[in-house]
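Let's take a friendly walk through a protein model, one feature at a time. Keep the structure open beside you as you read.

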Amino acid sequence: PEETDYYKLYSETLVRKLEGKMLALEESNRALEQEIIERKLAEEELQKSETLFQNILDNSSTVVFLKDLEGRYITINRRYEELFHVTRKDVVGKSDYDIFPQEHADRFQQHDLLALHKGGPIDVEEGVPHDDGLHTYISVKFPIFSAEGKPYAVCGIATDITERKRAEEQLQHTLESLRKAVGATIQIMTATVEARDPYTAGHQIRSADLARAIATEMGLPLDKIDAIRMAGSIHDIGKISIPAEILSKPTKLTEIEFSLIKEHSRRGYEILKGVESPWNLAEIAYQHHERMDGSGYPRQLKGGEILIEARIMAVADVVEAMASHRPYRPAQGLDAALEEIEKNKGILYDADAADVCLRLFREKRYELTQG
């Protein structure tokens, strides 16, 4: 009986242990099943995210691509496939060296490395070979970071601007042709003015040269410098409407005669306002006798109401006119002209333009005879 009880107790203990292990195994299986379910759900979510990401890329009108740190393509979008006549399968896993000529691949790789080194977006203009020749792209490249903050890929978004570049080049060509046409017209106008007023022959060109030198020294944009040079060459075009006998009168002008002379600014505006040009020639000619304090003519404009081009032109015009001979008076000399500018800078004349003019003559040895 005692042995029977022992085996019974042993059997019951063994059964309890087995039951415990079975329960633990069942619990482990349930946990494993849950882990498998969660992993499957995560994979499904990841697949959904990847599909969504690819759909977003494929519906973009720009070229989008993703490369790993070794420069191999991870994915590209449909626009990339369309422009380069490839499929995603053809490109993924390959580098630029497998797709493009080495000189272009080298440049693309340099830009990728620059984005990684900077740790943020960079803007680059890249020439990319196509079947019909080299296209120009504006690309934004930036690193993609993991959750740990380490870069693991480079993303690029590129826009083909070839047509825009061609249009800009065509526009530049058109503007250059227009400049040449305007230049030829101005030469004719200059010759016309000087034929009527031989005593001021060269005045416009010398004034224009000085005004251009002032504008350049002031650091004005190139388009304004060009405007000053062109407008300065014909700023007295309105004098063709003044009787020749008044222009060449060897004695002091009467008040009425001087009032007629003063009309040349307005007449010049009327002549030039219909001339098609990239620059506001008419308004510069109109304003070159205005003064900062409003004492000028013909509209008594003040300060900022006067174009900077006209303010510079006013300084150059006064210096050249005072330094040169006129039928009704001898030349007053360059020193007197510079004293006039210095005395009235900020009052009659733009202070910055006046200071630069004085510096050109006194420090940089500018000469009115140059041009």
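Let's start with strand E4 (residues 133-145), which is joined to E5 by nine bridges, the two strands running antiparallel. Keep in mind that this is a predicted model. To find one spot where the two strands face each other, look for isoleucine 138, which stands opposite threonine 159 in E5.

E4 and E5 form a hairpin, with five residues between them. In that turn you can find glycine 149, whose phi is positive, at about 85°.

## Strand E1 and its partners

Strand E1 (residues 63-68) pairs with strand E5 (residues 151-160) in the antiparallel sense, over six bridges. Here valine 63 stands opposite alanine 158 in E5.

E1 is also joined to strand E2 (residues 73-76), by three bridges, and these two run antiparallel. Leucine 66 is the residue that stands opposite threonine 75 in E2. E1 and E2 form a hairpin with four residues between them, and glycine 71 in the turn has a positive phi of about 85°.

## Two faces of one strand

In a regular strand, side chains alternate between the two faces of the sheet. You can follow this along E1: Val63, Phe65 and Lys67 point one way, while Val64, Leu66 and Asp68 point the other way. Is E1 mostly covered or mostly uncovered? It is mostly covered, as six of its six residues are buried.

## Aromatic rings that meet

How many aromatic pairs does the structure hold? There are nine aromatic pairs. Take tyrosine 73 and tyrosine 80: their ring centres are 5.8 Å apart and their planes are at 65°, so this pair is edge-to-face. Tyrosine 73 and tyrosine 80 are both buried.

Now turn to phenylalanine 100 and phenylalanine 108. With ring centres 5.3 Å apart and planes at 85°, this pair is edge-to-face because an angle over 60 degrees counts that way. Phenylalanine 100 counts as buried because its relative accessibility is 10%, and phenylalanine 108 counts as buried because its value is 5%.

## Charges over rings

Some rings have a charged residue over the face. Lysine 262 lies over the face of tyrosine 297, at 5.0 Å from the ring centre. Arginine 299 lies over the face of tyrosine 286, at 3.8 Å from the ring centre.

## Two helices that cross

Two packed helices are described by the angle between their axes and the distance between the axes. For helix H12 (residues 308-323) and helix H13 (residues 334-344), the axes come within 8 Å and cross at roughly 150°.

Technical notes
Residues numbered from 1 in each chain as written. Predicted model: local features only at pLDDT ≥ 70, side-chain atom pairs only at ≥ 80, totals over all residues. Heavy atoms only, no water. Phe/Tyr/Trp six-rings, centres within 6.5 Å; stacked < 30°, edge-to-face > 60°. Buried < 20%, exposed > 50% of the residue type's maximum accessible area, 1.4 Å probe, protein only. Lys NZ or Arg CZ within 6 Å of the ring centre and 35° of its normal. Pairing = 2+ DSSP bridges. Axes fitted to C-alpha atoms, helices over the stretch in contact; angles between N-to-C directions.
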